[in-house]
Each structure stands twice: as structure tokens, then as C-alpha cells.
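The exercises below are meant to be worked with the sequence and the coordinates open side by side.

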Amino acid sequence: MIAHDSTAESLDPSQLVEERLVRWYFLAGCLFLGISMLGGLLMALQLVQWNPFNGLELLAPGRWRMVHTNAVAYGFLANVFLGALHWAVPRLTLRPVASRALSYFIFCAWQAVVVLTAVGIVLGPSLQASDWVAAAAAKYHLAMSLGAQGLEWGETPFWIDPIALVGLALVAYNFMVPIAQAKPPLYVTLWYFMAAFIWTFLTYAMGNLMPEYHVAGTSAGAVGGLFIHDLVGLFVTPLGWGLMYYFVPIMLKKPIWSHGLSLVGFWGLAFFYPLNGIHHFLYTPIPMFLQYGAIIATVAVELVVTTVIVNFFGTLWGNARAVVTNLPVRWFYTGMIFYFLTCLQCAMQVTLTFQKLIHFTDWVVGHAHLVMFGVFTMWLFGVMTYLFPRLLRREWYSHALLEWHYWLSAVGVLVMATDLILAGLFQGYYWASLQPWDASLVGSYPFWATRVFAGLAMFLGFLCFAYNLLMTYRGATSAAAQATPASATWLG
Amino acid sequence: MFESKAGILFIAGVGFFALAFVSNALVPVLMYQDLPEQTAVEVVNPKLLYQVKELSWRFPVAFQQHVGAPDEADDQAWREKAAELLRLGRQVYIGEGCWHCHSQFVRPVSNESKRWGPVSQTEEYENELQRPVMFGTRRVGPDLSREGGRRSSDWHAVHFFNPEWVSPDSPMPRYTWLFDGNPQRPNKRGLALIAYIQWLGSWLDSYPYYEELDVMREQDF
């Protein structure tokens, strides 16, 4: 069996950490990731006219595309993050969370939020024309959009928003209590976590309330852009980097290279990242000076990101073989390379020169997959690869399947992102050259077909992981994977 | 300060978020607060009224069953019917995810004004039906902000029922559930969606707007 890390050995982490809950969060996350990937696959098949369910209302690709993105953000990322927080925060603060009962309540409430969101998105539009909806809308002056709301990542139906907000507030309370009691100085990871709890709540409240109820038109566009951006930048990014600052030094058994750069990275992100919001809607009627401001702030983020990347590669310096021998470390550093690439891409695409060509094209879709899958999903795969043996107190069923999972995911997302980014360039030129619209579709089909297969590779990788997990749960351990000193190194 | 709990909580957590909120959200909100936000009834214009009446002539049975045609002379009743259809049509547009593949915003670059029509202005979006705004983020299919009037309502009905019948290369899914079995019988959601599409761009003088393209060439492609 693998020894626990030494962060809180003296206090016996099993007293601090509710390991069952960590496991539940990871399993729920994996379940929703599977569902999300199937939704993405359905949309990908539709784009190449291969959708076998075309014309079936409850399998409408338009609705399932929204399930795809929402299940990833709130079903997969949020769940696995919460599991990892339950593992890391008590170890860093040497205190348990505020309340175990509350933790279980939050777990159940959050799964309800995710499932109800999907149910609302899939079933809501079917009931939209019912008379009682029109009656309620007239009586209570509500938009009464039973299905999705018209903002990306904010599609959560309006009747779920309050539950989700209460859930986020409780999450913040549950983790902030141990952080507040912890003796300073705080480790870098906790800076990111603390800020993320505040930011996520504020971002969610802003994006799900203002553009729907308060402001219309161009202003709603500005608020919406800020919301889309903050959700990635102030919820996913700080939690992801916080986990990297926690797990990488543990696995490499050395401190982060430079504390100064950690400070620059955190404060740079905190200052510049939220200022980027409007860059999602360049060349709209939003005032031009605000667009310029967002562009400059975005380029600044790229510089900040570079300092963080330098810091982590400085940490790896001298231990570079760990990328080969230690699978979680490989997941983490692959994700960091993708992170650097995607931020570099962002610094270019945010300029007005690039925007002319690539806005509205698949370039942006490629960018989104590179960030959400290539970076954060891969990091969380690394975290789960590292933690499941510790949670289950047994080795992985098969190391070969873990390798398949890694390679299918990494190659799959690289092919998908490259393919879609290229497709975006072609689409941009087709449109600008005023060819008939169909020319851009016919020109896109080879790229969309490639994307189906890249996505299938990623899905297959996930199936390897899921099967491996199932067999590990059932207690099967293949002969090759008996716990040896070598495999302990390989898994961190 | 940079590593203290209070510093992280109040400067980074609350302060920087508030700074971004003011500069990226509140400034545009305040700049446009004098533009009145129109209700769905207020955006109903004669062009749309004609389109809605035309729907009742083209699909008399379906319209009577699902919407109910007001008296021909009762202009106010027609306006309210049209507004009701617009509201529902917008919700169908959002709920079915139309806005993930169609934009509603013509940019001043990339020859877009040649293809779609006049560049989008803030005033066009200041109404109840753009809350949240339907700018869109991806164009698999064409921009729709000047789509109204360009094609007839029965073209739209057939197209929603099975896009490949009128546009063989289209990757758009079928929306058969907006109909009672065939394209001649749109249900309430179907009628509402067609009315909503015909409304787009109806506030402009150039309605319908035809792009500076050779229409025959597009059909031959």
C-alpha cells in the first residue's frame, strides 16, 4: 500500500478527510463526464449528417449540446474539484471542514442541481407552449423559459439558479471555516481557493441574474461576456492552479521553484483575468474603448501565465524524468503545456486583426476544447489517477489501461483542437470571400469528420479509465500491477 | 497584505471582481441606460403584423387551432397576438439551441455588411426579446439578424421540418416536433418560431434585405 503524503501525517488525515465523500464526488464527476461526452458526440455526428436520431425531440442535438457544456462545467469539473477540495483543504489547514453533515447535504444538492439542469434543458422546451406556462408568465411577470436560458454556461433554467446559488454559498462557508482558523502564513493553494470561493459565487449570481432580469441588449452582452469569461477564469482556473500548486510539489518531493513568481502569478491573474470580459464580443456595438481595454488586459494575462508556467517548469527542472515515470505528473505537465498554448492562442485571437477572420468560426470551438479538456480535464484525470489508489487502498487494476487513457486523451484533444482551429481559418476565408454559404459547409465537412474521430478517441480513453476504475473497485488486480516499489513511483 | 487572508479575500476576491464588474459591465449599462427598453408589444411593426396575418392565411387550420385568429379589423388584438408569438418564438429559439449555431449580429468587418445587410447598432437590441442578448458565438448556419422577409413562411416551415429538403448540404437537425406530422401543420411552437424569424430585421428600412450575391449561383452550388 502506498504511504500517505506527509503534509498532515502527525494529525492522521483519515480523521480530517471524509474520504468516502471524495470518492463519491469523483464517481459523480466521471458519470457526468461520460454523459457530456455522449452529448458532444451527438452534436458532432449531426454536423456531418450522420446523426441516427435526427428528428427525435428528446435527443435534439441543439438541446444536448447545452447538456454537453453544462455537464462538463457543473457536473464534471465542479464535482471533481469539490472532491479534490475535500482532500486538500483539510490537509493544508490541518482542520476538518465546517460540518460533515453539511458536506453530504451539499453533495446531494449539487447532484440535484446538475441533474435538474439537464432535465430542464432537455424537457423544458417541450412544455414551453403549454397554457399554464403562458398563464404563469402573465401572472408573475416571469420569462418562464422552462428550458435553457440564453447565455452560454448560464443555460441553467431560471428555477434552478437559486438552488445553485445557495449551494455555492454553502460550499464557500464549509471550506472557509477551516481556512479562517488555519494559522498564517497561508500556502499558495489556499490563496487560489479562497479567492475562487468568493469569485464563483459572485460570478454565478451576476451571470444568472443580470442579463436575464435586469439589462437587455448590448449591456446584457457585456455582462454576459464577463460572465462567460469569469466562469472559466475565476471558478475553473483558480481551483485548477490551486490543485497544481498542491499536488506537483508533493509528487516531485520539492517546493515550488519561486515563491515570488507564485505571488506574481496569483495577483496578476486576480487583477487582469476579470478585466477580459468584453473580449468575447469584439466588433459588437459595445463601445470601442471598452473593447480595447479588454484586449490589452487579455494580452497581459498571457504574460502572467508565462510567469506561472516558468515557475512550474523551474520546479520540474532536474526531475524531468518524472514526466515519463510518474503518470499524474505527466497529466499535469501535459495540461500545463496545453495551457500555455491555449493562452498564447488567446493573446493572438483577441486582437482585432485575428477577430476579423476567426470570430464565429470553429477556431473558437477548438480553443474551448483545448482549455476545458486539454487543461482542466487532464489535470483532474491526473488528480484522480493519483488519488483513487489512496482512496480505495489498492493498486489500479491495469497500468496499461491508464497509459491508454492518457495517450488517447492527449492525442485526441490535440488532433481535435488543431483540426478545429484550422477549420476556423478556412471558414473565416470562405465567409470573407463572399462565396455562397454552402461553400463554407462543404469545406468544413472534412474537418468535422476528423473531429468526430478525435472525439471518439477521447471517449475511448475515458472508457478505458472507467473500465479500469470499475475493475479496481471490484478488487481485481492484474499480475503486472501488484504493488511494487516501482509502481508506487509511477503513481507519484 | 499579499499573503494575508484579508488581502486575498477583500482585495483579490471582492475588490478586483468589483473593479472588473464596474469597468466591463456597469460602464456599458450606464452608457445605454437612457435607451428605453421596448416591450414585445412595442417592437411589433407593420411588417411583422403582415407576416403574422400571412401565417394565418397560409396555415389557416393550424393557426386557428393553436393561436386563434382575432377579428380582421381588430388591430390591437393582432398586435398582442404577434407579441405573444414573438415571446414564445424567442423561447423556442433559445430552448432548442438555435443561438449556438446562428448569430444575430452583423460586424463591420469581413465583408459582412455585403452578405447580411447593415452593420448592427445598439438601438436594435434594446428590447425585451434581447434579454439576454442573442449575439451568438458561433455561425454554423448564417447570421439571422436580417433574415426576416427574405424567405417565405412556408419555406421556413419545410426547412424546420427537414432542412435537407430545401438545403441538401445543411447540417441543421430536423425539428419535426414543431409540427403536427407534416410541414403544412406547424404547431404553436412552430408558428411562434416562424414569426420570430420573420421579425428579425423587420425594424430596418431594408426589409427584406437581399445580399449582394448571385442567388442562382447559390442554388446551383
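**Exercise 1.** In what order do the elements of chain B run from the N terminus on?

Solution. The model is a predicted one, in which local features need pLDDT of at least 70, side-chain atom pairs count only at pLDDT 80 or more, and totals for chains, interfaces and linings use all residues. Residues are numbered from 1 along each chain as its sequence is written, while chains are lettered from A and ligands numbered from 1 in the order in which they are written. Taking helices as DSSP runs of H or I with at least four residues and strands as runs of E with at least two, numbered from the N terminus, one reads α-α-α-α-α-α-α-α-α-α for chain B, that is, 10 helices and zero strands. The C-alpha trace of chain B spans about 70 × 45 × 35 Å along its principal axes.

**Exercise 2.** Describe how helix 8 and helix 14 of chain A pack.

Solution. With axes fitted as lines to C-alpha atoms over the stretch in contact, and angles running from 0 to 180 degrees between N-to-C directions, helix 8 (residues 217-252) and helix 14 (residues 362-392) of chain A come within 11 Å and cross at roughly 40°. Next, list the residues that meet, contact being defined by C-beta atoms, placed from the backbone, within 7 Å: helix 8 of chain A contributes, among them, A:Gly240 and A:Phe247, and helix 14 of chain A contributes residues including A:Trp379 and A:Tyr386. Finally, sort this contact by class (Ala, Val, Leu, Ile, Met, Phe, Trp, Tyr, Cys and Pro nonpolar; Asp, Glu, Lys and Arg charged; the others, Gly among them, polar), which gives 10 nonpolar, one polar and no charged residues.

**Exercise 3.** Is A:Lys356 buried, partly exposed or exposed, and what does A:Lys356 touch?

Solution. First locate A:Lys356, which lies in helix 13 (residues 352-358) of chain A. A residue is buried if 20 or more other C-beta atoms, placed from the backbone, lie within 10 Å of its own, exposed if 12 or fewer do, and partly exposed in between; A:Lys356 counts as partly exposed because it has 18 C-beta neighbours inside 10 Å. Then, not counting residues up to four places away in sequence, A:Lys356 touches B:Val109 and B:Ser110. Across the two chains as a whole, 79 residues of chain A are in contact with 70 residues of chain B.
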